[in-house]
Each structure stands twice: as C-alpha cells, then as structure tokens.
Amino acid sequence: RRPILQKCLTALEHQQFDQPYEVIVIDDGSTDDTVGYLTAQRSDYPHVRLVQQDHGGAAAARNLGIEQAVGEFIIFIDSDLVVTEEFLASHASALAGWDRAFTYGRVINTSNFDNPTAEPFKVTDFSAAYFATGNVAIARHWLIEAGMFDTGFRQYGWEDLELGVRLKKLGLQLIKCPKAVGYHWHPPFSLTQLPH
C-alpha cells in the first residue's frame, strides 16, 4: 500500500491553502516499510506526523488521530485517496460559518494509478452515506462529544457509519462539498478475488 500512500501524502503536501495544517499518519502495524520510508523521507513531507499503533484497527487508529491532532478541525481520508490541490481549502470554505455541521467531499473511484485525477465522476461513485471517513471534515469537539469511533468494530467499515448515527442524534447537518475531490484507488474486479 505504500506506493499509494506516497501519492496521497504528496497531494496533501501540494495544497493551495493559506492556513497551517498537519497530516497525521496512523500506522497500524504495516509491513510494507511505511515507517522506514516516512522516517527516511521526512523532509519530503513537512506536514506529516507519524504515529504508530499495533494492529488496533481503523476505529482505534482514527481515535488516536483525533487525540493527537492539534487543530480545531479534522479531515478524514484513507491512505489510498489522492486529493486535488483545492481539497483543504474547499472543506474549510464549505464549513465556514457553520457550527453543528460537517462537510462530505466527492470520492471518485479509479484504477488509473499513474494519473488518478484524470478519472471522471461516474454514477457508480455516488454515495448516500451520511458520514463516511473517505472524505469528511468535522470540528474535533463534535467527534469527542459523540464519543468518537467505537473500537468494537474491528473489520473494515461500519465504524464510521455508526458514528454518523450518533452525530445525527446531536443534530449535525451534512454539507455536500463537491469541490473537495478525492480519487480512491480501486483496482478493477478480478475473478481471482472470489473465495475458492
């Protein structure tokens, strides 16, 4: 996964954004030398702060990121998302003036690893999710007030959707933010992926 992470972090280093920001990478016991790479290439990623945990799962990783963050707002993306240069500015602009709200950006699936941002938005990229961590920005205090992610969810998915239910009960409004675009690495389906 490290080659995809490199594209993700490079995109986050090239933001057209005039405010200070940090990129917290939670390494959940990776085996692809992500830690060694980020340590050796620290000067290439001045916004990145690496934090390690040992196979705690996505919910625990996100909670650790929330705890470690110094900023007022959190933007969640996964390591396989490449964003445009306007990504941070688009989320910040859409959230301006709102208190009880969060922004949800557009996620476009692509298998074009060489040039992921060339992929157009497709009908199949539409998501009806209320709160999904693929591309979402929210004030940190709402995550804490809602109780953060439930670490009982250990497999892929659901921890963000369940947190969304609690955020909805707090009265948070979803604001669509189509200018905050992320390109999600999604290789084409192969019959070899089916269990035998």
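Contact, as the word is used in these legends, means heavy atoms within 4.5 Å. The views below are taken from a predicted model.

**View 1**
Gly-65 lies in helix α3, and, leaving aside residues up to four places away in sequence, Gly-65 touches Ile-24 and Ile-26. With a relative accessibility of 13%, Gly-65 counts as buried, because buried means under 20% relative accessible area. For orientation along the chain, Arg-2 may be located as well: Gly-65 and Arg-2 are 63 residues apart in sequence, and their C-alpha atoms are separated by 19 Å.

**View 2. A network of salt bridges that joins Arg-62, Asp-78 and Glu-159.**
Asp-78 forms a salt bridge with Arg-62, and the closest N and O atoms of this pair are 3.1 Å apart. The two residues come from distant parts of the chain, since Asp-78 sits in the loop between β3 (73-76) and β4 (81-83) while Arg-62 belongs to helix α3, 16 residues apart. A salt bridge also joins the side chains of Arg-62 and Glu-159, with an N to O distance of 2.3 Å. This pair, too, links distant parts of the chain, for Arg-62 is in helix α3 and Glu-159 in helix α6, 97 residues apart. Through shared partners, the salt bridges bring Arg-62, Asp-78 and Glu-159 into one network. Which of these residues are buried, and which are partly exposed? Asp-78, at 22% relative accessibility, counts as partly exposed, whereas Arg-62 is buried with a relative accessible area of 13%, and Glu-159 is buried with a value of 2%.

**View 3. The salt bridge between Arg-49 and Glu-22.**
The structure holds seven salt bridges, and in one of them the side chains of Arg-49 and Glu-22 meet at 2.9 Å, taken from N to O. Here again distant parts of the chain are linked, with Arg-49 in strand β2 (residues 48-53) and Glu-22 in the loop between α1 (2-13) and β1 (23-28), 27 residues apart. Arg-49 is partly exposed, having a relative accessible area of 28%, and Glu-22 likewise counts as partly exposed at 28% relative accessibility.

**View 4. Helix α6, with its buried residues and its exposed lysines.**
Helix α6 spans residues 159-169, and its buried residues are Glu-159, Asp-160, Leu-163, Gly-164, Arg-166 and Leu-167. Why do they lie on the same side of α6? They cover an arc of only 165° around the axis, and this places them on the same side of the helix. Just after the helix comes Gly-171, which takes a positive phi of about 85°.

**View 5. Helix α4 and the elements that cover its buried residues.**
In helix α4, which runs over residues 87-95, the buried residues are Phe-87, Leu-88, Ser-90, His-91, Ala-94 and Leu-95. What covers the buried residues of α4? The elements include α1, β3, β4, β5, β6 and β7. Just after α4, Gly-97 takes a positive phi of about 85°.

**View 6. The second largest pocket and its lining.**
Sorted by class, the lining has six nonpolar, two polar and three charged residues.

Terms used. Residues numbered from 1 in each chain as written. Predicted model: local features only at pLDDT ≥ 70, side-chain atom pairs only at ≥ 80, totals over all residues. Heavy atoms only, no water. Buried < 20%, exposed > 50% of the residue type's maximum accessible area, 1.4 Å probe, protein only. Helix = DSSP H or I, 4+ residues; strand = E, 2+ residues; numbered from the N terminus. Arc of directions from axis to C-beta. 1 Å grid on protein atoms, 1.4 Å probe; cavity = no way out; pocket = protein on both sides within 12 Å on 5 of 7 lines; lining within 4 Å. Nonpolar A, V, L, I, M, F, W, Y, C, P; charged D, E, K, R; others polar. Salt bridge = Lys/Arg side-chain N within 4 Å of Asp/Glu carboxyl O.
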